[in-house]
Each structure stands twice: as C-alpha cells, then as structure tokens.
Amino acid sequence: MNIILLGPPGAGKGTQAARMETARGMVQLSTGDMLRESVAQATPVGLKAKAVMAAGELVSDAIVSALIGERLDASDRGAIFDGFPRTRAQAEALDLLLTERGRALDHVIELEVDEDALVERITGRFSCCSCGAPYHDKYKLPRDPDTCDICGAHDFKRRPDDKEETVRTRLAEYRAKTAPILPYYEQRGLVRRVDGMAAVDEVTAQIDAILDS
Ligand code: ADP
Ligand code: AMP
C-alpha cells in the first residue's frame with residue numbers, strides 16, 4: 001500500500017507516519033527529513049536547500065522528486081509520503097515515479113486542522129536526537145522529562161525553521177501551492193479526510209479505519 005499524508009506544517013503527518021511505520025512495516029518518506037539530512041551533511045543538495053528551508057519557502061520540484069525516486073528504488077515496502085508532493089508538478093512527478101516502478105497510490109489522507117492551532121503546535125515541537133521520536137511542550141511530553149520514551153536517549157532538538165515568523169511563511173506556501181493539488185486527487189476518488197484536531201490516538205484510529213477498510 002502507498003499513501004500520501006497531506007496537510008499543512010504541524011498537522012501531525014510525521015507523528016502519524018512514525019506510528020504507521022511501527023504498526024504496519026511501511027516506510028516513511030519525508031522530504032523534509034531527507035533535506036535536513038542533506039543540509040547536515042553539506043551535500044550539494046543540502047547547500048542549495050539550506051537558505052530556502054530557513055526562509056520557509058519550497059525547495060525546487062526537481063530536487064525533491066529526485067530524492068523520492070532514490071528512496072523508492074531503495075525499498076519496495078509500502079510508502080507513506082510525508083511532506084511530498086507539495087506542488088502540482090511534484091504530484092505529477094510522483095505519478096510517473098510510481099508508474100515506472102509498477103506501483104500505485106492507494107489513498108491520499110488529508111489531515112484537516114484549524115490553522116490557528118498550528119503555530120502553537122509547531123513552536124512547541126521537539127524530537128529525540130537519537131531516534132527522532134516526536135514530542136510537544138504541551139501535548140506530548142516524555143514521561144521522564146529528560147529521557148526519550150522510545151529509546152532512552154537524553155538529548156532533544158528543535159528545528160531552526162519552527163520559529164513563528166517562518167511558520168507563517170510555511171503556512172502561506174501550503175495554502176498557495178499545496179492545498180490546490182487536492183482536486184488532482186479528488187477527481188480520482190483517492191482523497192480521505194481525518195480530523196487532525198482530535199487527540200493523537202484518535203487520529204491514528206481514524207487512519208487505521210481507512211487503511212483497514
Ligand atoms: P507535521 O509532520 O505535519 O509537520 P508533526 O507530526 O511534527 O507535524 O506534529 C507537530 C507537533 O504537533 C508535534 O510536536 C506533535 O507532537 C504535535 N501533534 C501531532 N499530532 C497532534 C495531535 N493530534 N494533537 C496535538 N498535538 C499533536
Ligand atoms: P517539513 O519537514 O515537511 O516541514 O519540511 C521542511 C522544509 O523543507 C519546508 O519548509 C521546505 O523548505 C522543504 N521541503 C520539504 N519537503 C518539500 C517538498 N516536497 N517540496 C519543496 N520543499 C520541501
């Protein structure tokens with residue numbers, strides 16, 4: 001099964017994708033994570049992407065589509081696309097990448113959220129430096145404040161682009177370039193909606209109901 005998790009920054013895509021990886025043996029393909037890794041390693045892609053990401057704008061379609069193609073070649077496990085596609089050109093590129101590999105999309109799951117809540121969600125976000133487990137200052141603290149619930153590590157990190165002014169640009173990019181791709185999938189009957197404002201477990205239950213139907 002191959003699915004897209006679609007929703008604005010902070011909608012909960014990464015949180016739900018991590019759960020689906022564990023529960024279903026699927027693989028999370030997050031272009032944001034891939035780009036952050038490229039920036040950390042100062043690869044040619046990372047050098048091109050760094051300032052664009054810091055400004056909250058979109059990296060070029062060619063770069064992110066190539067990253068996804070490489071990951072699809074590396075694994076034939078069911079894919080959870082997280083943060084990709086973000087433009088109509090990326091949606092078309094994804095169709096081609098899947099078709100070339102004899103694969104297809106099963107669902108596009110839109111996480112519907114109230115935009116006012118997103119700034120708080122994103123500015124409160126942090127994650128484990130070791131395993132990447134996602135946390136939140138208000139909604140999901142580790143059981144022991146200094147220890148990751150999942151792997152027991154003690155270091156946590158925050159993203160440099162999770163500042164309020166950058167978040168506003170990222171939300172504007174979503175509205176202008178990503179939300180308009182929904183009709184592309186709606187006309188193929190692929191879009192399913194879940195309430196992204198519900199508690200994390202409830203969102204997972206709604207996604208499970210779609211995937212198990
Ligand atoms: P995205 O990958 O869509 O940008 P994340 O999964 O990183 O979003 O979630 C953003 C922040 O909101 C994280 O700190 C996460 O712990 C928190 N979060 C995710 N889902 C929910 C939810 N349903 N209710 C409250 N907080 C949530
Ligand atoms: P994310 O981790 O999905 O919130 O993405 C963080 C940043 O990486 C975005 O604000 C963009 O600058 C860049 N990015 C991630 N995925 C894409 C994509 N599919 N297309 C263009 N830029 C992307």
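Start by selecting the shell around ligand 2, whose residues divide into six nonpolar, four polar and six charged (nonpolar means Ala, Val, Leu, Ile, Met, Phe, Trp, Tyr, Cys and Pro; charged means Asp, Glu, Lys and Arg; the others, Gly among them, count as polar). You are looking at a predicted model, in which local features need pLDDT of at least 70 and side-chain atom pairs pLDDT 80 or more, while totals for chains, interfaces and linings use all residues. Residues are numbered from 1 along each chain as its sequence is written, chains are lettered from A and ligands numbered from 1 in the order written, and side-chain values use heavy atoms, without hydrogens and water.

Next, show the 16 residues that surround ligand 2 (a heavy atom within 4 Å); the closest are Thr31, Arg36, Glu57, Gly83 and Gln90. Helix α2 (residues 31-40) gives the largest share of this shell, four residues (helices are DSSP runs of H or I, at least four residues; strands are runs of E, at least two; both are numbered from the N terminus).

Now zoom in on Arg36: a side-chain N or O atom is 2.9 Å from an oxygen atom of ligand 2. On Gly83, a polar backbone atom is 2.9 Å from a nitrogen atom of ligand 2. The protein buries 96% of the 480 Å² that ligand 2 exposes when taken alone (Shrake-Rupley method, 1.4 Å probe).

Finally, select the open sheet, where five strands follow the order β2-β3-β1-β4-β8 with parallel pairing (strands pair if DSSP finds at least two bridges between them). β2 (27-30) and β8 (191-195) stand at the edges, each with a single partner strand, so one side of each has no neighbour in the sheet. Click Ser30 to find Asp82 in β3 opposite.

Terms used
A polar contact is a pair of N or O atoms within 3.5 Å; within protein, one must be able to donate a hydrogen and the other to accept it, and residues adjacent in sequence count only if both atoms are side-chain atoms.
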